[in-house]
Amino acid sequence: MQTQILQAQANSIQRAYQLLLNSELVAIPTETVYGLAAHAFDEQAVARIFAAKERPKFDPLIVHLAQQPEMSLQTLAEQDLIQYELIPDQLQQALNQLIQSYWPGPLTLVLPRHARVPDLVTSGLDTVALRVPAHPVAQALLDYGLPLAAPSANRFGRISPTTAQAVYDELKGRIPLILDGGPCEIGLESSVVGIQDQSLCLLRPGKLGLAELSTAAGLTVALAQAHPAEVRAPGMLKSHYAPRLPLKLMPSETELLRYLQSHSERPGVLLLESGTETTRAIETRSRDLGGKVIYLSQNGDLAECARSLFTAMRELDQDLDYLLAVLPAAGDGLSHAIRDRLAKAAYNNQSE
Ligand code: TXA
Ligand code: MG
């Protein structure tokens, strides 16, 4: 199959819609990462997502919806997406407030599913993940009226793509069309909020952190407890987002420099800021070793670091011996999400 990349505009978006109607897949930009979309109620199309990504069937998909005026649990129930009656009474107002605050935006809600949602989308779970993306291209496509099941547009277990070219590198020959909407503004996948023990919980950290979500909900949103038997959300698998090269994480620039001084392999180094004495020493030492340094931001701005993280990991993930990254200080929201993605990317070689 030939994979076309088309600049997203009215006629290419219409072409995408036609493909989706014919059970084909289309990669689309969202504000978080690129998604691999199929008509969510078309089982043949959804099956193709799992085939193209080599994704195991136990990993459920997010259903993306068009923004409509006054969205609420009620309107989701009216569209046969969720079962309103199964949501604990004390959470209904909080969930409606999250919907009003963050849709469209980088928030996914996992709610009791309606029977009409295909089993393949939910992996047979009794919940469905829903999100309204803010990206104008995703919105324009969704406005044609099809709800779209869309995981990140990478092969399973690999780094999520944040540019059309990265999607192409992952999925060329497997899908007919990539809509190019430019680089993703946030660069990390959405925050996923679900219900555990009658309370709201964060299943996957993203830009929206626990404090912000709790304020908007008017209730505490706590970090999800992973019940190994129950939580089958691969966003929660320990190994995910993996580069090919081994990745080693460092708590500070100073420790990273010390590590470089006692090792001779060629490093690909990810730094959160530039211009300090330590970062200059890291750059010199890396160059001497035949390695390479990428500054995710000039001044440690976490939004900038998030936006460039996956592109930088892809860029370094070739022709070198290993990757090294400095972790941002522990915190909520973006720093939590960046630490989470780095930890998952490093998991396979943590014994080193
Ligand atoms: O930002 C995003 O969320 C991107 C863009 C394309 O929207 N999508 C994305 O999809 O990251 P994916 O499939 O790569 O990650 C979806 C996450 C997975 O961790 C999945 O297990 C979890 O959401 N999930 C989906 N349905 C679920 C459910 N019913 N219960 C628990 N977790 C669920
Ligand atoms: Mg993914």
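This is a predicted model: local features need pLDDT of at least 70, side-chain atom pairs count only at pLDDT 80 or more; totals for chains, interfaces and linings use all residues.
**Ground rules.** I number residues from 1 along each chain as its sequence is written, and chains are lettered from A and ligands numbered from 1 in the order in which they are written. Local features need pLDDT of at least 70 and side-chain atom pairs count only at pLDDT 80 or more, while totals for chains, interfaces and linings use all residues, and side-chain values use heavy atoms, with hydrogens and water left out.

**Entry on P147.** I found P147 in the loop between α6 (136-142) and β7 (148-149), where helices (H or I, at least four residues) and strands (E, at least two) are DSSP runs numbered from the N terminus. P147 counts as buried because its relative accessibility is 16%, buried being under 20% relative accessible area, exposed over 50% and partly exposed in between (1.4 Å probe, protein chains only). Leaving aside residues up to four places away in sequence, I listed A38, H39, A40, F41, V63, H64 and L65 as touching P147, with contact meaning heavy atoms within 4.5 Å.

**Entry on R131.** I looked up R131 in strand β6 (residues 127-131), and at 2% relative accessibility R131 also counts as buried. The R131 side chain reaches the backbone oxygen of G105 at 2.8 Å.

**Entry on α4 and α8.** I noted that helix α4 (residues 89-102) packs with helix α8 (residues 210-217) at an angle of about 115 degrees, their axes being 8 Å apart; axes are lines fitted to C-alpha atoms, for helices over the stretch in contact, and angles run from 0 to 180 degrees between N-to-C directions. The contact is made by A94, Q97, L98, S101 and Y102 of α4 and by E212, L213, A216 and A217 of α8.

Note on methods: A polar contact is a pair of N or O atoms within 3.5 Å; within protein, one must be able to donate a hydrogen and the other to accept it, and residues adjacent in sequence count only if both atoms are side-chain atoms.
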